[in-house]
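Subject: Structure handover

Hello,

Here is the structure for you to look over. My notes follow below it.

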Amino acid sequence: MFNKVIAIIFCVVLLTSSLVAQRIELLGAGATFPEPLYSRMFSEYNRLGNHVNYQGIGSGGGINQLVARTVDFAGTDAIVAADVEERSGDTILHVPIVLGAVVITYNLQLQGNSTLRFTSDLIADIFLGNIRNWNDRRIADINPGVTLPNLPITVVHRADGSGTTFIFTEYLSKTNTTWADRIGFGTAVNWPTSNHIGERGNPGVAASVNQTPGAIGYVELIYAMSNNIPYGDVRNSSGHFITPSMDAVSLAADIEMPADGRVTVTDSAHAQGYPISGFTWVLLFKEQHYNNRTQAQARAVVNLVRWMITEGQSFAPDLHYAPLSPAAQQIGQNMLNSVTYNGRPLN
C-alpha cells in the first residue's frame, strides 16, 4: 500500500512538472483602444492555460516592439506602414479581433443632458483651432435648441503613437479637405499648438477631458462610458446623425473584407453606419522561427489569437465592441493557418 501511495505521488509530481514546463508566458504590447477587452480576454485565457501579459502603450509603441522582436504579438488599430513592414524583414499578419467606435467626448454641463451633434467639418474646425468657444454660431447651428455655454474649448489629443489617432485623423482626412491638406492622417500628426493638451493612451485622454471643463477629445467608446463623460452623435455620409453603438459600428463594417484583413471602415457608405469606426488587429510575424523561439512558443501565440477570434468574441458585446462577422473570423483563421516555423507550416 505504501509503495502505491509513493508511486501515485511521484506521478502527480511528474504531471505537475510537465504542466509547469508547458506553461508559456506570452508578451504583447500596443493599442489602448482594445485594452479593456484584452484585459477581460486574457484574464479568462490565463485561467485556461498559458499566461498572457499585455501592456497598453499605444499602437505605435506596439508596432515598434514587434519589429524589434521584443514581444510575441502587438495590438494595433492602424495598418502597419509598408516601409515599416519592409524594414521588419518579414510579412506581418494583421488578424482582425473586433471593431470599436472612436467617439467625440466633451466636458459640458448642458440643460436636460442634451447630446451634442457634430459634423466632420465642425470636428475639423474645432481640432484645427478655428472654433475656440462652445457658444460659437457654427456649433449652435448644428445643435438647435441646445443652450451652449460661453466657455473656451480645450482640445485633448493623443501624445503617443496611436491607432485611435489613426482612425480619427483618417476619418477627417476623408471628409474634410482642409484637414487633409494641413494635418493628414497617421498614428501621430502635427497638432496645432494653441488650446491643445496631449495625453498618453485612451485612459489619459478620457481622464483629461473628465477633469477639464470645456474640454473635447476623442477616445474609444468604452473609455467615455467608464469615465461617465458624454459623447456626441456624428453625421455620416448619408446625412444621418448616428449615435455610437455596437450595432452602428457593425453596419459601418458591412463590407467585403480583403484576404489580408487590412481595411479601414471610416466614413462608411452605410446609411446607418457610425462614421468613426475601426478594426483593431493583433499583429504577429508569419514566420515564427526567430530569436531562438521554440516551436511551442510559436504554437502558443497562434493558439491564443485563434481563441481570441473564436471563443474570445463572447466578451466583446458587454464591453461595447462589435464582434467579428463569420467572414472576418474565417479570414483570421486563414491567416493563422498560413503561419510557418522554419519555413514549414506550423499546423
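Predicted model: local features only at pLDDT ≥ 70, side-chain atom pairs only at ≥ 80, totals over all residues.

pLDDT is the predictor's confidence in each residue, from 0 to 100. The mean pLDDT of the protein chain is 92, and 94% of its residues reach 70 or more.

Residues are numbered from 1 along each chain as its sequence is written, and side-chain values use heavy atoms, leaving out hydrogens and water.

Helix pair. Helices (H or I, at least four residues) and strands (E, at least two) are DSSP runs, numbered from the N terminus. Helix 2 (residues 35–48) and helix 12 (residues 295–308) have axes that come within 11 Å and cross at roughly 125°. Axes are lines fitted to C-alpha atoms, for helices over the stretch in contact, with angles from 0 to 180 degrees between N-to-C directions. From helix 2, Tyr 38, Met 41, Phe 42, Glu 44, Tyr 45 and Leu 48 meet Ala 300, Asn 303, Leu 304, Trp 307 and Met 308 in helix 12.

Leu 284. This residue lies in strand 11 (residues 277–285). Leu 284 is buried (under 20% relative accessible area), at 0%. Its C-alpha is separated by 5.5 Å from that of Leu 93, 191 residues apart along the chain. Leu 284 also touches residues including Leu 66, Asp 72, Val 301 and Leu 336.

Best regards

Definitions and conventions
Contact = heavy atoms within 4.5 Å. Buried < 20%, exposed > 50% of the residue type's maximum accessible area, 1.4 Å probe, protein only. Lists of a residue's contacts leave out its neighbours within four places in sequence.
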